[in-house]
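Here's a quick tour for anyone meeting this structure for the first time. Have a look at the picture, then read on.

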Protein chains: 2
Amino acid sequence: MSSGRFTIGVDLGGTNLRIAAYAEESGLLETILLSTRLRDGRDAVAADMCQGIRRLLDRYARAGSCAGIGIGSPGPLELPAGRLREPPNLPGWDGFELRATIEGALGMAVEIENDANAAALGECVLGTGKTRGIDSLCMLTLGTGVGGGIILDGKIWHGMVGMAGEAGHVNIWTDGAPCGCGGRGCLEAYASATAIRRMTLEMIARENAPLLAALGESNPHFTSRDVAELAESGDPHAKRIFDDVGRALGIGLASLVNMLNLPLYVLGGGVAKAWTLLCRPLFEELRRRSYVYRLTDPGEDRAAETKPRKTYVVLAELGSDAGLLGACLLPFANLSGETGGDRAD
Amino acid sequence: MSSGRFTIGVDLGGTNLRIAAYAEESGLLETILLSTRLRDGRDAVAADMCQGIRRLLDRYARAGSCAGIGIGSPGPLELPAGRLREPPNLPGWDGFELRATIEGALGMAVEIENDANAAALGECVLGTGKTRGIDSLCMLTLGTGVGGGIILDGKIWHGMVGMAGEAGHVNIWTDGAPCGCGGRGCLEAYASATAIRRMTLEMIARENAPLLAALGESNPHFTSRDVAELAESGDPHAKRIFDDVGRALGIGLASLVNMLNLPLYVLGGGVAKAWTLLCRPLFEELRRRSYVYRLTDPGEDRAAETKPRKTYVVLAELGSDAGLLGACLLPFANLSGETGGDRAD
């Protein structure tokens with residue numbers, strides 16, 4: 001990007017809507033933070049997006065030229081159409097033509113992407129991928145759900161219709177808990193904030209777990225972070241829940257490492273902050289279940305310098321900005337269609 | 001490939017060693033079929049390979065020019081080194097420098113590849129991928145083990161060290177049967193010929209399954225094909241075993257479809273011949289567990305013409321020649337290194 005060029009990125013979430021201007025030299029120039037007005041309907045949210053984009057365009061177009069607009073949206077998102085397909089976190093948006101709506105209102109082309117893919121791109125280009133000099137990775141975002149994105153050689157890997165990388169829906173416990181996707185026993189049902197709440201309530205109902213029971217009684221809206229704090233302070237029941245989360249992540253990562261053989265797997269999102277609770281069972285299961293991992297295990301210096309041709313599983317670096325930064329990078333990411341498409345279309 | 005150019009392909013198996021000359025216009029020109037002399041050691045097998053290659057080079061170099069030599073080998077195979085890493089089907093070959101040995105003996109460069117990846121390339125370029133006009137697929141080879149290979153945009157996807165695509169080792173039953181890879185409950189432990197024998201013996205030991213028990217008594221070396229024939233003739237116990245194989249395939253494919261979002265998944269190898277026994281439970285599990293599949297389900301005409309942007313799960317077309325043909329194609333496949341590698345190396 002030459003001097004004076006900027007992009008605009010949008011991170012559309014179920015709760016927050018963030019719109020930012022970004023320049024490669026200086027990073028985020030300005031961020032507009034709005035609530036996502038889901039109650040007012042998708043057209044109102046789209047109008048908020050367009051208004052924010054226009055405001056930033058007006059302000060920064062005086063000093064430079066806009067290289068493009070990128071939008072990260074909750075999925076499933078059908079590409080290249082940019083159409084939402086039954087998105088669980090945007091009720092009522094099924095079939096919404098997000099790309100056409102925004103492009104029609106702005107009179108400009110936009111790059112549109114699943115939010116987990118945008119976050120993976122952000123981590124690859126500006127976060128842990130940059131730190132380690134690695135440009136291929138799989139990122140898992142452990143939030144309300146579990147999102148996933150795959151970057152190959154610096155580019156988002158979309159698959160046929162933009163739905164590749166759904167690492168939250170690899171199989172963990174085949175006859176296990178129902179998942180929001182309609183399946184059962186997916187990683188998302190064991191490693192998301194929602195899953196941690198469910199597992200906590202199940203444990204309270206099943207056995208004598210006094211500190212968890214007290215938490216549930218004093219605060220019916222307790223979060224996965226509350227459970228993590230109990231575990232960090234030594235409560236054995238809360239620790240067992242995070243043991244199970246770590247095991248599920250290790251089991252899922254074993255399938256991913258065996259399938260993908262990438263150099264880097266990145267864990268982000270709020271649940272990943274419990275890394276010290278998760279990492280021992282995670283690596284135990286991963287080492288036990290993946291011979292590809294065992295053959296490329298970096299050994300005890302996992303957290304230290306990068307060795308060539310080893311498999312790293314590490315924490316994300318960009319925190320909650322990964323998705324927004326990734327959206328800002330989309331116009332640079334040479335999204336000339338999808339990988340893994342079919343010639344018949 | 002211009003007229004008169006040919007390649008040589010080698011399909012190295014634990015039982016058979018096949019070496020062929022191939023021309024794009026005419027297909028396989030000649031195939032040398034040898035036994036793999038495992039008892040005589042890896043150097044003897046390498047010498048057989050080189051002798052066969054030289055014989056075909058001498059014969060066809062009179063009429064045209066050799067465009068390259070491709071070798072498909074059992075894995076795990078470390079690329080680009082071409083070094084075997086604890087290959088379960090080639091005992092005693094751990095650490096064998098297959099590429100260096102062959103290149104040193106021939107004085108020529110060779111393209112070397114995991115055999116399942118070579119078979120996937122063969123099916124993509126000359127088999128079901130060609131038939132359907134699709135150049136990205138994941139192939140599962142259901143034989144003694146379960147091999148896997150991923151082709152993206154016509155090229156083998158290697159991953160960091162050549163071990164991508166190990167679809168036989170995605171998780172099915174987390175606390176299930178031990179797998180040859182050292183893990184537990186992998187697809188290979190439920191959908192390989194070896195697994196079908198084990199599941200049959202387990203059923204004989206567990207319950208009153210008279211026809212299976214009679215098979216086991218009359219022929220202790222019975223094969224998965226024998227069990228399939230009992231199932232095809234209506235034996236309810238044998239049918240339940242293939243139900244379980246189909247379910248395992250559907251559970252594994254659901255993880256793959258959610259992760260990869262490819263247009264085509266191809267089942268090959270001997271066990272896949274029981275397709276009519278497998279396909280109902282396979283598609284039931286796949287549809288139940290993969291929302292990406294449900295959103296791209298081609299519907300009732302799965303076996304008929306290809307619809308754009310749908311997900312197809314179909315039988316391989318090339319039979320046991322897929323791996324050999326894929327090896328012959330390797331010199332054309334632009335193997336300029338690996339996808340998903342790291343810049344630090």
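Strand 1 of chain A runs parallel to strand 4 of chain A, and seven bridges join the two. Strands here are DSSP runs of E with at least two residues, helices are runs of H or I with at least four, and both are numbered from the N terminus. Two strands count as paired if DSSP finds at least two bridges between them.

This is a predicted model, where local features need pLDDT of at least 70, side-chain atom pairs count only at pLDDT 80 or more, and totals for chains, interfaces and linings use all residues. Residues are numbered from 1 along each chain as its sequence is written, while chains are lettered from A and ligands numbered from 1 in the order in which they are written.

**The sheet in chain A**

- Arg5(A) sits opposite Ser65(A), which belongs to strand 4 of chain A.
- On to another partner: strand 1 (residues 5–12) and strand 2 (residues 16–23) of chain A pair antiparallel over six bridges.
- Thr7(A) has Tyr22(A) of strand 2 of chain A as its bridge partner, and Val10(A) stands opposite Ile19(A) in strand 2 of chain A.
- A hairpin of three residues takes the chain from strand 1 of chain A to strand 2 of chain A.
- Strand 1 of chain A is mostly covered, with seven of its eight residues buried. Buried means that 20 or more other C-beta atoms lie within 10 Å of the residue's own, exposed means 12 or fewer, and partly exposed is in between, with C-beta atoms placed from the backbone.
- Zooming out, five strands make an open sheet in chain A, in the order 3-2-1-4-7 and with mixed pairing.
- Strand 3 (27–35) and strand 7 of chain A are at the edges; each has a single partner strand, so one side of each is left without a neighbour in the sheet.
- On average, neighbouring strands of this sheet are turned by 20° against each other, direction ignored. Angles run from 0 to 180 degrees between N-to-C directions, and axes are lines fitted to C-alpha atoms, for helices over the stretch in contact.

**Helices on that sheet**

- Helix 1 (residues 42–61) of chain A packs on the sheet and touches strand 1, strand 2, strand 3 and strand 4 (65–73) of chain A; its direction makes about 20° with that of strand 2 of chain A. Two residues are in contact if their C-beta atoms, placed from the backbone, lie within 7 Å.
- Helix 12 (residues 322–329) of chain A lies across strand 1, strand 2 and strand 4 of chain A, at about 135° to strand 1 of chain A.

**Two domains in chain A**

- Chain A splits into domain 1 (5–114) and domain 2 (128–317), with bounds from an automatic or database domain assignment.
- The centres of domain 1 and domain 2 of chain A, taken over C-alpha atoms, are 28 Å apart.
- Eight residues of domain 1 of chain A touch eight residues of domain 2 of chain A.
- On the domain 1 side of that contact in chain A, strand 5 (77–78) and strand 7 (111–114) each supply at least two residues.

**How the two chains meet**

- The contact takes 52 residues from chain A and 51 residues from chain B.
- Helix 9 of chain A gives the most to the side of chain A that touches chain B, with six residues.
- Of the interface residues of chain A, 98% are also interface residues in chain B, so the copies meet through the same surface.
- Chain A superposes on chain B by a rotation of 180° with 0.0 Å of shift along its axis (RMSD 0.0 Å). The two copies are thus related as by a two-fold rotation axis. Superposition is by least squares on the C-alpha atoms of residues with pLDDT of at least 70 in both.

- Asn261(A) is in the loop between helix 9 (236–260) and strand 11 (264–268) of chain A. Asn261(A) counts as buried because it has 31 C-beta neighbours inside 10 Å.
- Cys279(A) lies in helix 10 of chain A. Cys279(A) is partly exposed, with 18 other C-beta atoms within 10 Å.
- Cys279(A) and Gly246(A) are 33 residues apart along the chain, and their C-alpha atoms are separated by 6.3 Å.
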